[in-house]
Amino acid sequence: MKFFRANRPLTINEMIKFAPAAFAEKAASDVSKNYSFLSTKSLIETLEKKNILPFAVAQIKSRSDEAKETAKHLIRFRHTDYKVELGEIVPEIVLETSHDAKSSFKFSLGLFRLVCENGLVAPCSILDTIRIKHVKAEDVDVIDAAYEVLENRETAIENILEMKKKVLTINDRLNFANEAVNLRWDKENERPEFEIEKLLKPRRKIDAELDLWTTFNVLQENLVRGGLSFYKLNDLGYPIARQSTRAVNSISKNLELNKNLWTLANKFLDSRLTL
């Protein structure tokens with residue numbers, strides 16, 4: 001998956017380049033006869049009328065040109081009237097869909113963090129994912145779904161403010177990191193042998209604070225973007241090769257990891273809880 005984002009609304013040519021499936025004019029040839037095609041392009045045009053424009057786009061890799069035209073894709077929309085929240089957060093609508101019968105239209109609340117150009121996704125505890133099935137939905141259905149997502153931004157902002165107030169101990173941060181690793185690599189034999197402290201190392205000075213919100217963002221960025229170096233060990237425990245963790249390139253896994261990390265972070269808001 002190659003993610004493309006700009007600090008302005010994307011052009012049609014940019015979207016076609018990075019997510020051609022968003023402009024599919026028909027469904028994949030092997031879908032059921034009961035499948036109804038709902039155009040992503042039409043949805044984009046509908047939201048544009050309400051000043052909700054695309055700022056980021058991505059699409060999974062496909063093995064053939066035909067699959068490329070209908071594959072799963074993701075678009076992050078932003079209402080042009082909304083100002084930056086908390087000095088660094090912009091609320092977004094995250095759309096995930098495909099035209100090969102493998103995904104409905106799914107709307108989630110996104111939060112774009114300006115300081116690191118990182119796209120977060122709020123979990124279902126803030127807003128249940130809104131799904132529009134591939135049937136002949138009306139424009140009003142799309143607009144209602146988009147606004148329902150954005151209306152929940154206040155709940156997310158309140159959640160962030162609470163995280164900012166909570167300062168974590170060293171043990172809390174290490175426990176958070178250990179739990180986060182399990183979300184990224186749920187199978188023990190797949191987990192890279194890197195020092196857990198690397199996950200807590202910020203990539204910029206502004207992220208050196210020890211509050212829950214900052215810690216969450218550092219972990220999220222390091223897990224999603226990858227690049228943490230470690231040595232692969234042989235059966236005797238000796239290092240044999242230097243490697244680095246991979247970025248999360250799957251659209252679905254990226255969204256799932258984001259939501260699960262947010263849910264995990266909220267467990268630490270209860271001061272009585274020690275993981």
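**Helix packing, aromatic pairs and backbone angles**

Helix H2 (residues 40–48) and helix H4 (residues 139–151) have axes that come within 10 Å of each other and cross at roughly 65°. An angle of 65 to 115 degrees counts as roughly perpendicular, and H2 is therefore roughly perpendicular to H4. The crossing of H2 past H4 is right-handed. On the side of H2, the contact is made by Leu 43, Thr 46 and Leu 47; on the side of H4, Asp 139, Val 142, Ile 143 and Ala 146 take part. When these residues are sorted by class, the contact of H2 with H4 comprises five nonpolar residues, one polar residue and one charged residue. This description, like those that follow, refers to a predicted model.

Aromatic rings were examined next. A pair of aromatic rings is described by the distance of the centres and the angle of the planes. A search of the whole structure finds five aromatic pairs. In one of them, the ring centres of Trp 213 and Trp 262 lie 6.3 Å apart and the ring planes stand at 70°, so the pair is edge-to-face.

Phe 216 is buried, as is Trp 262. Through such ring pairs, Trp 213, Phe 216 and Trp 262 are linked into a cluster.

The backbone angle phi was also considered. Asn 51 is not a glycine, yet its phi is positive, at about 60°. Asn 51 is located in the loop between H2 and strand S2 (52–59). Because its relative accessibility is 37%, Asn 51 counts as partly exposed. Ala 101, another residue other than glycine, has a positive phi near 70°. The loop that holds Ala 101 runs between strand S4 (89–97) and strand S5 (105–113). With a relative accessibility of 47%, Ala 101 also counts as partly exposed, because this class covers values between 20% and 50%.

Note on methods:
Residues are numbered from 1 along each chain as its sequence is written. This is a predicted model: local features need pLDDT of at least 70, side-chain atom pairs count only at pLDDT 80 or more; totals for chains, interfaces and linings use all residues. Side-chain values use heavy atoms; hydrogens and water are left out. Axes are lines fitted to C-alpha atoms, for helices over the stretch in contact, and angles run from 0 to 180 degrees between N-to-C directions. Helices (H or I, at least four residues) and strands (E, at least two) are DSSP runs, numbered from the N terminus. Angles under 35 degrees count as roughly parallel, over 145 as roughly antiparallel, 65 to 115 as roughly perpendicular and the rest as oblique. A crossing is left-handed if the near helix is turned anticlockwise from the far one by less than a right angle, and right-handed if clockwise. Contact means heavy atoms within 4.5 Å. Ala, Val, Leu, Ile, Met, Phe, Trp, Tyr, Cys and Pro count as nonpolar, Asp, Glu, Lys and Arg as charged, and the others, Gly among them, as polar. Rings of Phe, Tyr and Trp (its six-membered ring) pair if their centres lie within 6.5 Å; planes under 30 degrees apart count as stacked, over 60 as edge-to-face and the rest as tilted. Buried means under 20% relative accessible area, exposed over 50%, partly exposed in between (1.4 Å probe, protein chains only).
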